[in-house]
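Dear colleague,

Please read it with the coordinates open beside you.

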Amino acid sequence: MKIGFNEGCNRFCENHSVLEDLDLCEKYGFDYIDIQSECLDREIAAGKYTIDDLGAWFADPKHHLKMLSYNALIFFNMKQTQEEKDAVMAKLDQIIADCNKLGCKMIVVVPSMDLTVPATVDEIREDAVAVLKEMVKKVEPHGIKLSIEFCGCPTMSINRFEYAYDIVSEVNHPLVGITLDQYHFHAMASSFEALEKADGKKIFVWHLNGMENMPCGAAYNNDEKRLWPGESGDCLDHKRYADTLKKIGFEGDVCTMEVFRPDYYKLSNEENIKKAAEVTKAHVAKYWAE
């Protein structure tokens, strides 16, 4: 099992830089990085570097760190006008172009939230399937995967594992799968029984984190309640997640740390990445090496 770092962990650390993250992730033993689009957009606009600078870093044979995913194309579904739908596809075109420069073969897609229409689960599924089938036509020539990240928030349109799995199953394409984030799974009470029956090959990304023991669906149960896994107060059953992923045949081969805790943003970039590496390595050794 290889290990990955998601920039959600350090996106608001002082003087954050994606280019610096690449060097630090490699220094502390990460194999992969999920680059956060908000970091990329913010820092390119500020003139810190260009996409070509990052592409040159990844292309340099002295580096072993690779990009696991572009995280993310946000709010891809349930668009109400043709203009909105066209904007999603135009954004996808731009992301594909960036991924080709970065050697990245996966785009995480995040569902829309705060819908203006009272859509049913079935209507949301039908819409998402249709949109993803159109997206596949764009990514397939490049061999880029699309990974839906259901988000465990009441206002999200796809907020449980079961909903995302039904969508992926209906699309039924090898380039379309799921990002399984442990926090999101627990936060809206996704079903372990459903996960245990799933085809592990449809899970492309495993996001590791712990969380405080908050009520499922509570408005205050948000990303800020994430913890380093195993930290005091963490309520997640990490052995069950790992054992279930083994049982169903998860082939993603990467365990990626993703936390969004404000206290962790008080660390320097290096302190944050070093801590994330230590915790991820310990987690994999404890739960995956058995």
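A pocket here is an open set of grid points, on a 1 Å grid over the protein atoms alone, with protein on both sides within 12 Å along at least five of seven lines, and its volume is the space filled by probe spheres set on those points. Please keep in mind that the model is predicted.

With that definition, the largest pocket holds about 690 Å³ of space. Its lining is made up of 32 residues, and those that lie nearest the centre are R11, I74, V110, M156 and D223. Two or more lining residues come from each of the elements α2 (37-45), β3 (66-74) and α7 (182-187), with β3 giving the largest share, 5 residues. Sorted by class, the lining of the largest pocket has 15 nonpolar residues, 9 charged residues and 8 polar residues.

The second largest pocket holds about 360 Å³ of space, and among the 19 residues that line this pocket, Y32, M67, L68, K105 and M106 lie nearest its centre. The elements that contribute two or more residues to this second lining are β3 and β7 (203-208), and the largest share, 3 residues, again belongs to β3. By class, the lining of the second largest pocket has 10 nonpolar, 5 charged and 4 polar residues.

With best regards

Definitions and conventions:
Residues are numbered from 1 along each chain as its sequence is written. This is a predicted model: local features need pLDDT of at least 70, side-chain atom pairs count only at pLDDT 80 or more; totals for chains, interfaces and linings use all residues. Side-chain values use heavy atoms; hydrogens and water are left out. On a 1 Å grid over the protein atoms alone, a cavity is a set of points where a 1.4 Å probe fits but cannot get out, and a pocket is an open set with protein on both sides within 12 Å along at least five of seven lines; lining residues have an atom within 4 Å of a point. Helices (H or I, at least four residues) and strands (E, at least two) are DSSP runs, numbered from the N terminus. Ala, Val, Leu, Ile, Met, Phe, Trp, Tyr, Cys and Pro count as nonpolar, Asp, Glu, Lys and Arg as charged, and the others, Gly among them, as polar.
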